[in-house]
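Here is a short briefing for a first look at the structure below. Keep the 3D view open as you read.

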Amino acid sequence: MEVSKRLEGVGEYYFSQKLREIDDMNKAGKQVINLGIGSPDLPPHPDVIKTLQDEAAKPNTHAYQNYKGSPVFRNAISKWYKKWYDVDLNPESEILPLIGSKEGIMHVCMTYINEEDTVLIPDPGYPTYKSAATIAGANVVPYTLKEENNWFPDFNELEKTDLKNVKLMFLNYPEMPTGQLPTKELFQQLIAFAKKHDILLCHDNPYSFILNKAPMSILSIEGAKDVAIELNSFSKSHNMAGWRVGMLSGKKERIDEILRFKSNMDSGMFLPVQLAAAKALELGQDWHDKLNEVYSKRREKVFELLQLLDCKFDRKQAGLFVWAAIPAMFKDGYELSDSVLQKSNVFITPGGIFGNGGNKYVRVSLCATEQKIEEAIKRIKN
Ligand SMILES: Cc1ncc(COP(=O)(O)O)c(C=O)c1O
């Protein structure tokens, strides 16, 4: 069958392909250590699992759910945004629960993009921004983030580009893959830029609690709701990646517009999942501290591994990964990644999959035990 035109230029997701290759290597007895994917290996809090179990055991929790999500869940999100980000969100009208923030990216693109529209995406950045915008029919234009500019957008460069048809701009701080934290000034600049050029900002914020003591939301900036919406996720902060729970926040009009698409696309989440997610949002600082203690120890080991490969990195990165510049002897991150995979049976992600701006980098995940990372170090040494 001929596939639709909208899939032109959208290949199979890199990791889906790579995991097949790693699977084949494992079948051949290689026992590859996968330091590629950012899927938390630790479980959610026991109270969260207990809520899911208790609620799922009830006879009256199995029906279709409200498209806008359970009021209990929306209230919990509203309180959580106030507590951690100091953002006021009306639980009735300014919050939309999602089946993960990845699906939210697609909903946002499908809600706003027409064929003649341009979408700005960060390079390096999360590959889904490009594929979702492409599927929605947009002209996708990357804006380059550079290490010497703290991985922030270069506003002078942006102002020089043709912004006439730009309707939507994705951004993500703490940035994945670079681990760069946001500043209040950066968010203020972005909001001013969006207002000036009449662009909708979609800030994707799944990493704000990982190896970061000061979680920040773009919606905490004055006037942000006029031009920005924010995606958030339980996948990383609450170890619930497989549960598929996320959320979108923004002003009522944006939520209503996106719900118009989403309610035609899927249905409300399983109620016990929503109630368990609401429970997760009650967790305090000690939950995040404990998680970060584990990631921080793993990160030290990853630093050791990267030093062994002669890579250079900033020690103050946030998020679930370490981003590192490769040594000059390798053409690009793909060459280094393939070499480590073939010689040591260890998989690390080539930075080029996040855009051309990532070509000279690799990304190592913290979602493996210290023991596994030590084993990877041993293999690379040998
Ligand atoms: C920057 C970024 N945004 C969104 C997602 C998707 O998260 P979710 O599990 O909520 O769909 C990821 C997952 O890796 C990510 O790295």
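The largest cavity is lined by Asn66, Tyr67, Lys68, Gly69, Pro97, Ile99, Lys262, Ser267, Gly268, Met269 and Gln274. This is a predicted model, in which local features need pLDDT of at least 70, side-chain atom pairs count only at pLDDT 80 or more, and totals for chains, interfaces and linings use all residues. Residues are numbered from 1 along each chain as its sequence is written, and side-chain values use heavy atoms, leaving out hydrogens and water.

**Cavities**

- The search covers the whole structure and finds 2 cavities of 30 Å³ or more. A cavity is a set of points on a 1 Å grid over the protein atoms alone, where a 1.4 Å probe fits but cannot get out; lining residues have an atom within 4 Å of a point.
- The largest cavity holds about 50 Å³ of space. Volume here is the space filled by probe spheres set on the points, with grid points joined across faces, edges and corners.
- Its lining has 4 nonpolar, 5 polar and 2 charged residues. Ala, Val, Leu, Ile, Met, Phe, Trp, Tyr, Cys and Pro count as nonpolar, Asp, Glu, Lys and Arg as charged, and the others, Gly among them, as polar.
- The second largest cavity has a volume of about 40 Å³. Glu175, Met176, Pro177, Gly179, Tyr207, Ala318, Gly319, Leu320 and Phe321 line it.

**Backbone features in loops**

- Most residues other than glycine have a negative phi, and most peptide bonds are trans.
- The bond from Tyr173 to Pro174 is cis, with omega near 0 degrees. Pro174 sits in the loop between strand E5 (166-171) and helix H7 (184-197). Helices (H or I, at least four residues) and strands (E, at least two) are DSSP runs, numbered from the N terminus.
- Met176 and Pro177 are also joined by a cis peptide bond, with omega about 15 degrees. Pro177 lies in the loop between E5 and H7, and Pro177 lines the second largest cavity.
- Asn150 has a positive phi, near 55 degrees. Asn150 is in the loop between strand E4 (139-144) and helix H6 (155-160).

**Helix H2 with H9**

- The axes of H2 (residues 46-56) and H9 (residues 271-280) come within 8 Å and cross at roughly 155 degrees. Axes are lines fitted to C-alpha atoms, for helices over the stretch in contact, and angles run from 0 to 180 degrees between N-to-C directions.
- H2 and H9 are therefore roughly antiparallel (over 145 degrees).
- Asp47, Val48, Thr51, Leu52, Glu55 and Ala56 of H2 contact (heavy atoms within 4.5 Å) Pro272, Val273, Leu275, Ala276, Lys279 and Ala280 of H9.
- The residues of this contact divide into 8 nonpolar, 1 polar and 3 charged.

**Helix H4 and its partners**

- H4 (residues 101-112) and H8 (residues 252-265) have axes that come within 9 Å and cross at roughly 105 degrees. That makes H4 roughly perpendicular (65 to 115 degrees) to H8.
- Glu103, His107, Val108, Met110, Thr111 and Tyr112 in H4 meet Arg254, Glu257, Ile258, Phe261, Lys262 and Met265 in H8. This contact has 6 nonpolar, 2 polar and 4 charged residues.
- The axes of H4 and H5 (residues 127-135) come within 9 Å and cross at roughly 35 degrees.
- Lys102, Ile105, Met106 and Cys109 of H4 contact Thr128, Tyr129, Ala132, Ala133 and Ile135 of H5. By class, that gives 7 nonpolar, 1 polar and 1 charged.

Note on methods:
Angles under 35 degrees count as roughly parallel, over 145 as roughly antiparallel, 65 to 115 as roughly perpendicular and the rest as oblique. On a 1 Å grid over the protein atoms alone, a cavity is a set of points where a 1.4 Å probe fits but cannot get out, and a pocket is an open set with protein on both sides within 12 Å along at least five of seven lines; lining residues have an atom within 4 Å of a point.
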